[in-house]
Each structure stands twice: as C-alpha cells, then as structure tokens.
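This text walks through one structure step by step. Please keep the sequence and the model in view while reading.

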Amino acid sequence: MIRKIDMELAKKVFEISGQNVYLCYQCGKCSAGCPVATEMDLLPNQIIHMVQIGNEKALEAKSIWICATCFTCSVRCPRGLDVAKVMEALRLIILRRGIYKLDLRKIKDIDKYPQIALVGASRKLTG
Amino acid sequence: MKKFMYMPGCSLKNYATNYEKSAIGIAKKLGIELVELERWNCCGVVYGLASDSVFHQIAAVRNLIRAQETSKNLGNNKLVTLCSMCYQVLASANHRIKNDEQALEALNKFMDEEEDYRGEIEVKHFLAILRDEIGFDKIKEKIVRPLKNLNIAPYYGCVLVRPKEAAIDDPEDPIILETLIETIGGNPIYWPFRTDCCGSYNVVSNQDIVKKRVWNLIKPIRDEVDIIITVCPLCKFNLDLGIDFAKKEYYIKNIPVLYFTEILAYALGLDEYLDSSIINLLENMIKKEEVKTHVP
C-alpha cells in the first residue's frame, strides 16, 4: 500500500514564501555551507525533508531560530530553492500564532548593543 | 560636484559615527556630495522574505518615497547607503516591488498619505559608487599615505553580496574590497571565510553562537592579519566581540576591526575626518612594517 503524504505543511510554506519544497532532492549543499549548522539541532536539508513529508516537528526545531538569513544556502541550491525563504516561512508560522522567541526586557545590558542588532533580532524573533 | 542622495540608517548616527564621518570626507575629496534624505526612517535591518505580505516592506518603501521626493530637485535617482543592512533591505524591497505590481499597489494604497512610489529609484552601496562612478584608478591617483605592506583582510559579511538580486559583486567570489585594498597600497590577504555570516542578530538572543562563529572565521588568518576591514556596523560589533572572546580564550593577538572608509580616508590623508586613535593605530602599524622590512 502506498501511504499518502501529508502536504499541508508544504502548502502552508508555499503560501507564505512562494517556495516549492518538493524541488529539493536532498543533496545537502545547504547544510554543507551553512555557517551556523554546528549550532543547529536539525540541519537545513533535514528541515526541508520534514516539510516535504509533512512532519510538524520541523516547527519545533531550534534551527529555524538560529538561521541568521545569510542566504548562503539560497545562492548555492542547485535546484533553485530559496532555503532562507523556507526558514522564514516556518518562523512566520510560529510568529503569526503570537508566539515570540525574544523578550527584550530580559536582555542584560541592552544599551551596549547597537540598534542594528536589536532591530534585526526584534524583526526576526518577534511578530 | 555630483550630488547623490544618502540614507544613513540608525547605527551610523550613534554607534558607527566614524564610518559616516570618514565616508563623507572621502566623498568630498573625490568630488561627490552625499545629500542626506530628509525625514528618513529605520529601514527595518532585515528584509522581510514573506511573499504573502508586504508588511515588512513598508519601512523600506517609505524611505524610497522620501528618495523619490528628493530626487526631483537633485536630478539624480541614485540613493547611496553605507550600512550594508540598509543596502540589502532597500535594494531587495526595490527589486521586489519593481517586479510585483500587486505588492506596489498594496503599499501605495496603504501609505495613502504619501505620494505613490513609482519604482524609479536606484539603490547603490557607497562601495559600488567608488567603483562605478569614480573608479579605483582615479582614487589611486589621490592616495598620499599608502598602507604599505599591511596585511588587510576584507570582510564582506552576508548581505552585501547576497541574495543575488541585491548583490554588489559575485556572491561566492567577490573582489571589490580586495581591489580597494590594493588601490590604497595594502596587501589583501586571501580569506576563505570573507563572505561567511558572523551570526548577525543572534548576538542579542544567543551570544555564544556569535563568539564561536567569529573565532572560526578568524582562525585561518589570525597570525598573518594586521587589520580586518568591514562594511557593516553589525559585523564590526560581532567581530569585536568575537575577537575579545578569542583573545581571552585562545590567546590570539589583538586584531583591530575598521570600516573600509576609515583606511581609505587615512590613505587619502583626510585626518580631519578620522579619530586620532585610528590615525595613531595605522601610523604605528605602518612604522612597524617599515622596521620589519628595513634592509640596512
């Protein structure tokens, strides 16, 4: 029997980012070049694969918040998949539920950071 | 004097004042005037990637509308930025709405108190202006204090060369900063990680990532490098933080991180636009190199 895969998550990602995750053939180029892959619990290509098969655990991964949107994966993907946009879509699914990953009140010595760091973090990690 | 519109962005007005000051000095010396936009606002630092919403483009497009208003009197549609984050956000937003009529219409309707944006502004980074409008060979003629024998590592960071539609040079193998270093008489060293990310805004939420990241970046060049030059105030902040960490943890030597405009201003002899600490630093370094290479 052929099991049907759940495409809901992939559809949602497509709606938000315009990226078709089924382009990915799992070569792993994105993970090989990712500068923060060592800090991630799931590698970028694993995240993509989870979205392909509709595994909602992709949304619980720390990786999507560690991704700093440096676009290395996006310029290198041989299939033209914009991986950074997929990561952003996964973040936005969470953020649009009203769940934020950064509380500026809890940051120590907030005045030592340049604005560019604070605004960037707020825009990526809160809604 | 050719006039260009100029958008400083938030960090240049207090964290990175040296960057702005030296750039303005260079522009004057090379015969261009940077006309600061009136009532500019924060560009948003990171480009919103969602294609189902234009919410994150509002800040950038508002600046582009400001530029459109200014360009009428100036007769030049080029908007110059120094911060590479501002550059990427404005250039990417501009690229998107030029190719997405629906998004442009939605934004124009949302900001009905402003005039409609027509997509005529061209966003340029200051480095690209130096290369395309002035030319590095012209700059070379004006160099009075070459940074002889200094090993300078160029750090591009991510957003100046990526994504492709907003890149000022090749995303994988850029050469513009190396050319600049050669122009001012320095010795550009090959740095495989020059376009790798420094960890960016992770510095706020997870500083350890940035410290480890920067240590890994500087590992291959830590002995031979004299100065690292950068284009982005956030890269500078992160590199300083990571180098401090590596000094304590791995006993590396101090590596000063400067903006590319600071070494260029020094080479052009623009002392009045530089901090005295930077002039001293560079003078001492050049003297040290002279002693090293001196043959009696």
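In this predicted model, the C-alpha centres of domain 1 and domain 2 of chain B lie 25 Å apart. Domain 1 of chain B covers residues 2-128, and domain 2 of chain B covers residues 144-293. Where the two meet, 24 residues of domain 1 of chain B and 23 residues of domain 2 of chain B take part in the contact.

On the side of domain 1 of chain B that touches domain 2 of chain B, helix 1 (17-29), helix 3 and helix 5 (126-134) each supply at least two residues. Helix 1 of chain B has the largest share of that side, with 9 residues. Sorted by class, this side of domain 1 of chain B holds 13 nonpolar, 9 polar and 2 charged residues.

Helix 3 of chain B, residues 84-98, also packs against helix 2 of chain B, residues 58-74. Two packed helices are described by the angle between their axes and the distance between the axes. Here the axes come within 9 Å and cross at roughly 85°, so helix 2 of chain B and helix 3 of chain B are roughly perpendicular to each other. From helix 2 of chain B, the residues in this contact are A60(B), V61(B), N63(B) and L64(B); they meet V89(B), L90(B), A93(B), N94(B) and I97(B) of helix 3 of chain B. The contact between these helices of chain B consists of 7 nonpolar and 2 polar residues, with no charged residues.

The next element to look for is a sheet. Chain B has an open sheet of 4 strands in the order 6-5-7-8, with parallel pairing. Its edges are strand 6 (187-188) and strand 8 (257-259) of chain B, each of which pairs on one side only. Strand 5 (residues 151-155) and strand 7 (residues 227-230) of chain B are joined over 4 bridges in the parallel sense. In this pairing, I152(B) has I227(B) in strand 7 of chain B as its bridge partner. Helix 7 of chain B, residues 176-183, packs on the sheet and touches strand 5, strand 6 and strand 7 of chain B. The direction of helix 7 of chain B makes about 155° with that of strand 5 of chain B.

What remains is the contact between chains. Here 31 residues of chain B are in contact with 33 residues of chain A. Helix 8 (202-205), helix 9 (207-218) and helix 10 (233-250) of chain B each give at least two residues to the side of chain B that touches chain A. Helix 8 of chain B gives the most, with 4 residues. By class, that side of chain B has 19 nonpolar, 7 polar and 5 charged residues.

Key:
Residues are numbered from 1 along each chain as its sequence is written. Chains are lettered from A and ligands numbered from 1 in the order in which they are written. This is a predicted model: local features need pLDDT of at least 70, side-chain atom pairs count only at pLDDT 80 or more; totals for chains, interfaces and linings use all residues. Two residues are in contact if their C-beta atoms, placed from the backbone, lie within 7 Å. Ala, Val, Leu, Ile, Met, Phe, Trp, Tyr, Cys and Pro count as nonpolar, Asp, Glu, Lys and Arg as charged, and the others, Gly among them, as polar. Two strands pair if DSSP finds at least two bridges between them. Axes are lines fitted to C-alpha atoms, for helices over the stretch in contact, and angles run from 0 to 180 degrees between N-to-C directions. Angles under 35 degrees count as roughly parallel, over 145 as roughly antiparallel, 65 to 115 as roughly perpendicular and the rest as oblique. Domain bounds come from an automatic or database domain assignment.
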